[in-house]
Amino acid sequence: MDWSEGQAFLSVEARLLDELDLESWLALTSEDFVYWIPVNTADADPRVHLSILYEDRRECAERIYRIVESGLNHSQDPPSNTVRFVSNIEVQSDDSEAVLRCNTLLYEYRSGSSRRDSLNVNVYPSRCEYLLRKSADSWLMARKKVVLCQLDGPLDAMTFFP
Amino acid sequence: MIDGDQRLEERLGDLVDYERGRVHASVYTDPEIFALEMKRIFQGGWVYLAHGSEIPQPGDYKTTYMGQIPVILTRSEDGDIHGLINRCVHRGATVCQRDSGNANYLRCEYHGWMYRNTGELVGVTLRSGYAQSEIEDIPRQLGRIARLDTYRGLVFGSLHEDVIPLSDFLGVTKRYIDDWMDASPTGEIVVTGGVWKHRYDANWKLGLEGADERYHVDSLHKVTSVLIERKTGTPFSWRPRDLSTLATIDAGHGHGISEMQSDRYPRPWRDTTPKEYVGAVIDRLGEERTDEVLRRWARWHLFPNAAFTADNIRVFRPINPHLTEVYQHHVAFPDVPGVTERINEQRVRDHRYLYGPAGYVGPDDHEMFSRMQEGYRAMGEGLTPWVWFSRGSASARLGGEGELVGDDQSELSQRSIYGGWLERMRTA
C-alpha cells in the first residue's frame with residue numbers, strides 16, 4: 001500500500017462513518033477486527049482497564065444494530081451529524097500488512113432541545129492507528145485505535161458511531 | 001431581620017412533600033436552593049470521598065470535591081489519611097492540580113509556599129521579608145476536613161465537626177457494602193482500573209435518583225434485553241416472574257437501595273461466573289454465605305454524592321443547578337494469581353458495555369436527566385410544577401432496621417433522597 005492508497009482508504013472509511021453507511025464500513029473489517037478507543041490513558045491494558053470502546057467485529061455489528069435499526073438509541077434521538085477530517089497520514093506497508101497513522105478531527109452536531117445550554121457541537125481530535133491486512137485484492141482493517149485528545153474526559157455521550 | 005436562608009427554610013416543607021412523594025421542580029433549578037444545598041448538605045454532613053486503594057502508598061494523594069469545595073486526600077508516612085482543603089492559605093490558589101499522584105510536599109506554584117502532605121505549612125518564600133505582624137494571622141496549616149472516617153476502606157468526610165457517627169449515618173447500607181466487599185476473594189476491592197468522567201446537563205440529584213431505580217429499566221434500557229433476545233432467540237425481561245426476591249429500599253438519611261437476586265436470569269450465577277473465583281470466595285466465606293453474597297445483586301446510593309453497584313462507584317459533583325460532573329470509578333478485585341484474572345476481565349467488559357460515553361445504558365440515563373431538567377423550566381401560572389415519587393409508598397413496609405421496603409418497582413429508593421434532603425436542609 002502506498003501513501004495515496006492509504007489516504008484513499010482513510011477517506012472512504014471516514015465518509016462511510018459520516019454517511020452512516022455502517023454495513024459498508026463493517027465490510028472493510030477483518031473477522032478478527034478490534035476497535036479500541038482507550039480512556040484516561042492511551043496504553044493501559046484494555047482487558048483490565050476501562051476503555052470507551054474495545055469491541056470485536058460482532059460487537060461492532062451489535063452497535064450498528066442499535067444505531068441503525070433498534071429505534072432504542074435514546075441518547076441519539078435525534079441523531080448526530082458527524083464530519084471527519086483526516087490528515088497527517090503516514091503509511092508503512094509491505095505486500096500483506098500496512099500500518100496507517102493519521103490524525104482525525106471529528107465534529108459532532110446534535111440538534112434537539114435537551115442540551116440547549118450548549119452549542120450542541122462536540123469536537124473530537126484524535127491520533128489514530130490502523131493495522132490493515134491484504135485480503136484477496138482489497139485491504140481490510142484488523143485493528144483500529146483512536147486516542148482522543150480529551151481521553152481523560154469529561155466526555156459527552158459517544159453513542160453515534162465514533 | 002429574616003435572612004434569605006431562613007425565608008427559604010420556611011418554604012422547604014412546601015417544596016418537598018416527602019410523605020406524598022412530591023417535589024417542586026424549583027428544587028432542581030433555583031440558584032438559591034442550590035446555594036443552600038451546598039452549605040447545608042455538602043458542608044453540613046458526611047460526603048463520600050474515595051476508596052483507600054486510590055491512595056495506597058505513603059505520599060499518594062487524590063483530589064476531589066465536597067460540593068464545590070476542592071479537597072485533597074493524602075496518605076502520610078505513617079499510613080494515615082489526611083483530608084485537606086485544596087487552597088493555599090496565602091492567596092487562595094489550589095496547591096494540587098492533578099486527579100492523583102505522589103508527593104510528600106505540596107507546593108503552591110504561585111509564590112512557592114510549601115506544605116507537608118499532612119497540611120502543615122513548612123516553607124514561606126523569602127520568609128525574612130515578612131514582619132511578624134504581617135504573617136502572624138495567616139494559618140500555619142491547609143484547611144482540614146473536620147471529620148474523616150472510613151467503612152471497609154470507603155473514606156467519608158464532613159466539613160462540619162458535629163455530625164452523627166459514620167456507622168449510624170450508613171445504617172442499613174452497611175449490610176450491602178459488606179456483601180459487595182465480601183464478593184471479593186480477599187474481602188477487599190481496588191478502585192484503580194479507570195474512571196469515566198462525564199458531565200450531564202441536569203441537577204446533581206437526578207444522578208442519585210437514577211442510580212438505583214428499577215422502574216425505568218425495561219423501558220429506557222430495552223435495547224439491552226432486545227440484544228439478549230437476538231442472541232438467545234427467546235423473550236427476555238429484566239423483570240422476572242418471581243418478584244419475591246426483589247426490593248427497593250429507603251434506607252434513611254437520604255440513602256436508597258434496590259436489590260435483586262440474580263438466580264432469575266436465563267443462566268444462574270454459578271454458570272456464568274468463573275469457577276476458580278467462586279471457589280476462592282467459598283474458601284473464605286463457606287458455601288452458605290457465598291451463595292448469599294453472590295446471588296444478591298444490589299445497587300445503592302449514599303446521600304448526597306455517591307452511587308454503588310457491582311463493578312463501579314459513581315461520584316457526583318454539583319457544578320451549578322443545571323450541570324453535574326460524574327466520576328465513575330471501576331471497581332476490581334485485588335489480583336490473586338489463578339483466581340481473579342477471568343472475573344476481573346469480565347467485570348471490565350460488563351462495565352464498559354453498560355456505562356461510559358459509548359455504553360448501552362449510562363448515556364441514555366444522562367439523556368433523560370437533561371430532558372427532565374428541560375422540563376423543569378416549565379414553571380408558571382397554571383402549569384404543574386410537581387415531580388412525583390409516589391409509586392409504592394402506600395404499600396411500603398417497615399424493615400428490621402427501620403428501613404422502608406417496597407416492591408421491585410417502587411420509587412421508595414428515589415423518594416429517600418428527599419427525606420435526607422429535608423433532614424440536612426433543616427439543620428442550620
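Modeller: Gladly. Let us start with pairing: two strands pair if DSSP finds at least two bridges between them. Keep in mind that this is a predicted model.

Biologist: How do you know that β1(B) and β2(B) pair?

Modeller: Two bridges join β1(B) to strand β2 (residues 22-24) of chain B, and the rule asks for at least two, so they pair. The two strands run antiparallel, and B:Asp17 stands opposite B:Arg22 in β2(B).

Biologist: Which sheet do they belong to, and what makes a strand of chain B an edge strand?

Modeller: They belong to an open sheet of three strands in the order β1-β2-β20 (chain B), with antiparallel pairing. An edge strand pairs on one side only, and that holds for β1 (16-17) and β20 (386-388) of chain B.

Biologist: What is the strand order in the sheet of chain A?

Modeller: That open sheet has six strands, ordered β2-β1-β6-β5-β4-β3 (chain A), and its pairing is mixed. Here β2 (51-56) and β3 (81-93) are the edge strands. From one strand to the next, the twist averages 20°.

Biologist: How do you know that β4(A) and β5(A) pair?

Modeller: There are 13 bridges between strand β4 (residues 97-109) of chain A and β5(A), which run antiparallel. The requirement is at least two bridges, so this is a pair. Along it, A:Leu105 stands opposite A:Pro125 in β5(A).

Biologist: What makes β5(A) and β6(A) a hairpin?

Modeller: Strand β5 (residues 121-135) and strand β6 (residues 138-148) of chain A pair in the antiparallel sense over ten bridges, with two residues between them. A:Ser135 stands opposite A:Ser138 in β6(A). In the turn, A:Ala136 has a positive phi of about 50°. Elsewhere along the pair, A:Cys128 has A:Val146 as its bridge partner.

Biologist: Which helix lies across β1(A) and β2(A)?

Modeller: That is α3 (residues 57-69) of chain A, which runs at about 110° to β2(A).

Biologist: Why are the buried residues of α13(B) said to be on the same side?

Modeller: The buried ones are B:Ile343, B:Asn344, B:Arg347, B:Val348, B:His351 and B:Arg352. They cover an arc of only 165° around the axis, so they are on the same side of α13(B). What covers them includes β2 of chain A, together with α11 (275-285), β18 (312-320) and β19 (323-330) of chain B.

Biologist: What makes a residue of chain B count as buried, and what percentage are buried?

Modeller: The cut-off is 20 or more other C-beta atoms within 10 Å of the residue's own. Buried residues make up 45% of the 428 residues in chain B.

Biologist: How do you know that the radius of gyration of chain B agrees with a compact globule?

Modeller: For 428 residues, a compact globule would have a radius of gyration near 22 Å; chain B has 23 Å, so the two agree. Its C-alpha atoms fill a box of roughly 80 × 65 × 40 Å along the principal axes, and chain B has 15 helices and 22 strands.

Technical notes. Residues are numbered from 1 along each chain as its sequence is written. Chains are lettered from A and ligands numbered from 1 in the order in which they are written. This is a predicted model: local features need pLDDT of at least 70, side-chain atom pairs count only at pLDDT 80 or more; totals for chains, interfaces and linings use all residues. Helices (H or I, at least four residues) and strands (E, at least two) are DSSP runs, numbered from the N terminus. Axes are lines fitted to C-alpha atoms, for helices over the stretch in contact, and angles run from 0 to 180 degrees between N-to-C directions. Two residues are in contact if their C-beta atoms, placed from the backbone, lie within 7 Å. A residue is buried if 20 or more other C-beta atoms lie within 10 Å of its own, exposed if 12 or fewer, and partly exposed in between; C-beta atoms are placed from the backbone. The arc is that of the directions from the helix axis to the C-beta atoms. The radius of gyration is taken over C-alpha atoms; the globule rule is 2.2 Å times the number of residues to the power 0.38.
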